Amino acid sequence: MSERDRQADVIVVGGGVIGCAVAYELARQSISVLLLDKSLPGRATSASAGGLWPIGEAVGLGCGVIYYQANRTDTGGTVETEQGPEPLPPVFRDFLAASNAQFPCLASELRDASGIDIECDEGVGLLFVMFNEQECAFAQRLAANVPRDLGMQVLSAQEALRIEPLLSPEVFGGVLLPGEHQVNPMLLAEAFKRAALAKGARFRSDCCVEKLCIEGRRVVGVQLDNERLHCKTVVNAAGAWAGELAATAGIKLPISPVRGQIVLSEALPRTLRACLSTSGCYLAQKRHGEVLIGSTTERAGFDVSVTIEAIQSLSRAAIRVVPMLQNVRVKRVWAGLRPGTPDELPILGKVADLDGYVNATGGFRTGIVAAPLTGRVVSQVVAGKEPEFPIDAFNQSRFSSE
Amino acid sequence: MSAAIAAAEAGVPTTIIDDNPFPGGQIYRQPPLQLRSDENPSTTSVRGQQLLRRFAALKGRIELLQNATVWGLFPQRALAISSNGGWTMIDAERLVLATGAYEYVPPFPGWTLPGVMTPGGAQIMAKTMHVLPGKRVLLAGTGPFLLVVALSLARAGVEVVGIIEAGGALEYLRAMPALLAEPGQFLEGMRYLLQLKRRGIPVYRRHVVVEARGDAELREVVIARCDHNWQPDASKQRTIEVDTLCVGYGFIPRIELALMAGCEMRFAPELGGWIPVVDDEFRTTVSEVWVAGDGGGVAGAIVAEVEGELAGLSVAESCGALSRAELSRRRRPLLRRLSSLRRFRSGLDRLSAPRPGLTRLARADTIVCRCEELTRDEVELGIEAGGTDMRTLKVMTRLGMGACQGRMCWPSVARLIAHRTGKDIAQVGPISVRPPIVPISLSELAAEQVVP
């Protein structure tokens, strides 16, 4: 390998959807970029559902309800208090919405640049399904706080059944978010990567980054197991492993893996019109017909085992909301590790007292929908430009003041 | 059975989880009770009868879970088992994987036609269900199993038109010294050949099947002479009219549970592909997990029996049911037997290990991944676009997304990737598996556990 191969202006550590998006945006600006990846079990991009639910997740109607449930004592699988999960700050909702808005354009851009169809599928939206009055009250309260122009609709049981005829007759009502769709997350990452390569980025798989190399107050490269790579800036897009990487430069990054287990059905004819979410699981039928049932939210370190309890609880929750699924065969069960942060917001941008280092991590359960805009703003920060969406609220410094 | 017998005889409480209705596995498979009679004696071999008798004598000391399929292996050796429409978990303190092997069929034009099956499939039909797979049958592929199946089909009344063996006569001669390490087995093979000759069943050596033809079902098979790489010569083709073709190029170890257990694997082409790394007591790299038989490397039933016994003894010793001294005393004759058997096997392996020509049998429009109906062309496009490992190729093409998880196609596709990229096939890697390894319905998973 020549000396030239060992250096780049920017090294992106992590070949998940965020790292690939950042590499793509950098390559588009003709910045020399080297993307490093390592095949680890539990990578969130390969494990994720691929839901694009910016408002749903921001207000807590997607995975967030299940998370909220998981953090409470067992209440029998329903949201019982009037409170429900806390919505995340409006700035994050706006960030996700802006990122989500890029998908239609991005899909055709990536198809041209990479030849890959990211399977951006528009159904009728994300439908949160309620099973009792408490859940209804909670959803109504949420809807009241969401700006009208986001189009959130509170539905009666009949209205919900009209939209999704295979719902259980036991449903109490629903909340529809019409702009919320889905993609194939692995194809999205792969398309970003291929498009980046086509625009001059370089890629190395199976790269074990042992530490960040520092000179004075600057990161100047990364140390692999048997060689050193040089650069002007390192982007930490190492997902659930980002905290470990940052620690090698003395950076305290509050990222911890949050396990999500998923059950995937065999391929079915078109069965679901919407993405569904409930307090026990969410469901999304993918392009090729498989119904994806997600997802647990557990702190189990880097353990990517699936557990029988989780499989059982997801299966039950899925049958509860769409009873006809009971005879469907399960094809796969797996687990992934979300890069979790204490406040559920991403960690983006530079850090104090250390140059040549930029965070692009903490995507938690919104990494896929956030990827397009994250790629853009991070690449802008790296290039010394003003980011097109202000990311001060997502800077790591928010943790140091506490 | 052999591992369970060794462990149970030493006093270790032992359970066998078997997805068959009767003990015996693939080789010593027993027909259903209503099909056993004096007129219809079991064709199971003498060795098998002995093993089954020893097993039966331990009734009460070995718990046998029949029709029970392990669909998942969770941390700490927790086995998820589906049986009788329900599922249950069993925590094993020690686990011996004896998962066996399945037949290797490289894709070739027409291989998805009804009437094309594996020799093992035909054998099960004829031996245990007493259903004839067809009227005129051709067997093709490689290895002694073809001879066994040909004879049992012929005895069952099927017209066996011939056996197409990719290996050549010259290699037989070269392998002779190794084969003579086991004169008994060598003679058994010779007896098979003699009986085939007596029945007038020809063996075409150095030939491969290049195409199966027919509209709704198989009508004829095209065979061609091949070179030492099993590359067919298009100018030396002939067509044979048959209604059934049994194709199998040896066996591939069933490694799903070993992979799920997290065992370190190695690629051993002479033993059928990826196998778990084991020590001389057949322990894997995962604590308290052993592997024995074809699932740890294809070597046939006799080797499997010896390995099973060695694993069972090692298990017994690890539980304290057998002293270290007793273990090594009992191991000695078994290891001697194993080394002689292995010499014989190495001779067979030299004859029968799949060669590169097989990779090129599929045409551009031949289905390679049956679950997702992907053609060779589509797979090659995926490889060219960067899908040179299973994960990426799966993302790009959906190869291996089906119920078989790539079990059927990956051995062929890995060879294709190695061929196209110049990588060593060991670098391409094994399949990646996820539970459930057999389909299970959502309602089964949602239900409470049942008592086994």
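Q: What radius of gyration would a compact globule with 452 residues have, and what does chain B have?
A: The rule gives a radius near 22 Å and chain B has 22 Å, so the value agrees with a compact globule. The radius is taken over C-alpha atoms, and the rule is 2.2 Å times the number of residues to the power 0.38. Along the principal axes, the C-alpha trace of chain B spans about 65 × 55 × 45 Å.

This is a predicted model, where local features need pLDDT of at least 70, side-chain atom pairs count only at pLDDT 80 or more, and totals for chains, interfaces and linings use all residues, with side-chain values based on heavy atoms, without hydrogens and water. Residues are numbered from 1 along each chain as its sequence is written, while chains are lettered from A and ligands numbered from 1 in the order in which they are written.

Q: What share of chain B counts as buried?
A: Of its 452 residues, 54% do (under 20% relative accessible area, 1.4 Å probe, protein chains only).

Q: How many residues line the largest cavity, and which lie nearest its centre?
A: The lining has 14 residues, with Gly143(B), Pro144(B), Glu165(B), Tyr172(B) and Arg205(B) nearest the centre. A cavity is a set of points on a 1 Å grid where a 1.4 Å probe fits but cannot get out, and lining residues have an atom within 4 Å of a point.

Q: What makes up this lining by class?
A: Nine residues are nonpolar, three polar and two charged. Nonpolar covers Ala, Val, Leu, Ile, Met, Phe, Trp, Tyr, Cys and Pro, charged covers Asp, Glu, Lys and Arg, and the others, Gly among them, are polar.

Note on methods:
On a 1 Å grid over the protein atoms alone, a cavity is a set of points where a 1.4 Å probe fits but cannot get out, and a pocket is an open set with protein on both sides within 12 Å along at least five of seven lines; lining residues have an atom within 4 Å of a point. Buried means under 20% relative accessible area, exposed over 50%, partly exposed in between (1.4 Å probe, protein chains only).
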